Every structure is written in C-alpha cells, then in structure tokens.
Amino acid sequence: MHGEYKVPGGKLVVVDLDDEGGVLRNVRVAGDFFLEPDEALAAIDQALEGAPSDTDTAGLAARVEAAVPEGTVMYGLTAEGVAVAVRRALAQATDWTDYDWQLIHEQPQSPALHMALDQVLTEEVAAGRRAPTLRVWEWDSPAVIIGSFQSLGNEVDPEGAARHGVTVVRRISGGGAMFVERANTITYSLSVPASLVSGLSFADSYAYLDDWVLSALGDMGIKAWYVPLNDIASKEGKIAGAAQKRLAGGEGAVLHHVTMSYDIDVDKMLDVLRIGKEKMSDKGTRSAKKRVDPLRRQTGLPRGDVIARMIASFRSRYGLAEGRVTPEEMARAEELALSRYSSEEWTARVP
C-alpha cells in the first residue's frame, strides 16, 4: 500500500507498507523533507512496524514522537504528517495526479444557479459520471451566500440587501456568510472523489484541498498560509474562506468551495450583513476602510489575470482540460435553482 501527504506549509511525506493480518509490516517512510539525525528515519519506520492497522492518526503520531532520538529536528515534517500518510495508505487514498481534471469557467450566472451547479456537479463526480472538476464562478449580480446552518435574520439586513440589489441564497455547506459582487471576489469550487481525502480528518482535508491555491498565490508573489479551520491569510489579513460538503452516492464526493477577496466594498458589505463587532475584530476592518483588497493590492493584477494565473498554476501541477456543463447537468441545475435555491422555504429554513 502507498500513501502520500503534503504537510501544510511543509514537505511531501510518502509511506509504503503492507497490512498483514491487521498489523503494519514493511513500513518505509520517505519524502522530500529534512530530518536530523539520519538515524531518526529508521526509528520512525520501526515505531510504526507492528502497529495495529486500525490505530488512529493520534496513536500513530504518538508512536513516532516516542521513538525518535532525543534532539531530533524535523524540517517540513511532523509526526502527525507521517501518521496521516499511513492512514491514507491504509485507506488506499488517491492523489491529485491520478485524475484527468476538468475546468469549467463559463459566462456569468445567477446566485441560485451557482448553488445548484455545485450540488449537481459534485453529485455527478460521486456517481462516477464526471471527472474531478475545478469550476471558477462568474456572477451576474451581487449576492450574499449564507451557510447551511446560519440564521437568515441574524446574518442579513433585508433593507440593506434591497437597497443594493443583493440576492440572498443559502448554500449546502456550512460556514459563514459571503458577500460578493461581480468584479470584487474570486470564487471557485472543487468537486472531487471522496477517495482524494481518504485518511484525512475533516480539518486536514481543508488544508489539503487548499494547498494548491497557496502555491498559486506564491507564484504571484503572495506569501499566504492556511489558518484552521477554513481560512487563507497573508500579512495583509484574511484573503479567503472555504466551506465543504460531503455528498453520498456511488463512491461519494466532496464539494470544497472558496471565496477570495479581490476588492470588496466594506461599507456596502456592512450595510447588507449584520456583522457584530466581535466577529469583525479579526477581519481587518476595524478602521472602517472602504475596501478590502488583498489580492488586487498584493498582486497589482487585474482580476481576470489573477484567475488566469491560478488556473495555469493548477494545470502545471495536475493537468487541467477545458470542460463544460453538459446539457443534462444544466437542466438539472436550472430545475434545482428554481425549486430549491430560489425558494423562501430553503433560504429561510433557519429563520
């Protein structure tokens, strides 16, 4: 069995092993990390040898920590990272490069249709009828997208929304509210097979699925990092927030979508969203700035160029073919956009 895991902000860890009668055998850890002293690698292998194959990540990490020589220094490597790679090997997890990725980047669409497309495309991946897909969104109108479990009344000021022509929709994933305008945010979705995140905890899957965009931002000169549970930040503050939803059916799939701040009008956002002082204290807006523009300011690039460079970065790492929403997928999405995502029953399901 073979498992790989890139430690967030670190290096790749590779584990090969056998599962013989519920026990780990022939464990071999490798990777592009740095480790001192050399003897520590053999100690890690030995610590995992003979461990019950149902040992959880914490238990495997504890074995590694207890076995390495005193004074061992790990660069780009953690005991937990080794443990996660073991769990991914046992789960027979897949890797990014195992798939023929498709890109969908189409004309602007309504907020309700975007919600429906996320659901439909991820269901198609779960059923095995669609390849893993990166979809970049374009908006035809301003919107607030609230999380699946948020209170509509607590999050949105209806008068402010009406004043600015903002459509309010509810997505199927959890997390917080997103304020978007056509040219001020960058939103994308990953619809991936559940096997891509096999062996990862829910929290670890966020970091794993965000890692490519950290590299893409780095290519544009932005030093960004993952902030648990679901944020991406730089020295300028928060850049993006992510949310996820697991869907059953077939082999299962994960929807991971991210909204990034390109150039947001904070005054307008605060007129639409009911955001308390406590919640805003870590958002970098206490000075009542009129705009939050980390991507525009840090890259100096037009929004379209940032998107193009993100796509190019993904393609260079994993391959990415041009794709499209099929007529059948669009028909289902349009029906869902009307029957579910435009309905008061769904939008106000948590009043």
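Begin by selecting Asp263 and Arg296, whose side chains meet in a salt bridge with an N to O distance of 3.2 Å; a salt bridge here is a side-chain nitrogen of Lys or Arg within 4 Å of a carboxyl oxygen of Asp or Glu. Asp263 sits in the loop between β15 (253-261) and β16 (264-265), and Arg296 in helix α10 (residues 294-299), 33 residues apart. Helices (H or I, at least four residues) and strands (E, at least two) are DSSP runs numbered from the N terminus. Asp263 is buried at 12% relative accessible area, whereas Arg296 is partly exposed at 34%. Buried denotes under 20% relative accessible area, exposed over 50%, and partly exposed in between (1.4 Å probe, protein chains only).

The model is predicted: local features need pLDDT of at least 70 and side-chain atom pairs pLDDT 80 or more, while totals for chains, interfaces and linings use all residues. Residues are numbered from 1 along each chain as its sequence is written, and side-chain values use heavy atoms, without hydrogens and water.

Next, select Arg130 and Glu329, a salt bridge whose closest N and O atoms are 2.8 Å apart. Arg130 lies in the loop between α4 (111-126) and β7 (133-136), Glu329 in helix α12 (residues 327-341), 199 residues away in the chain. Arg130 is buried at 9% relative accessibility, as is Glu329 at 4%.

Move on to Arg303 and Glu138, which form a salt bridge (3.1 Å, N to O). Arg303 belongs to helix α11 (residues 303-318) and Glu138 to the loop between β7 and β8 (143-146), so this pair ties together parts 165 residues apart in sequence. Both residues are buried.

Finally, select Glu123, Glu124, Arg129 and Arg332, which a network of salt bridges links. The whole structure contains 15 salt bridges.
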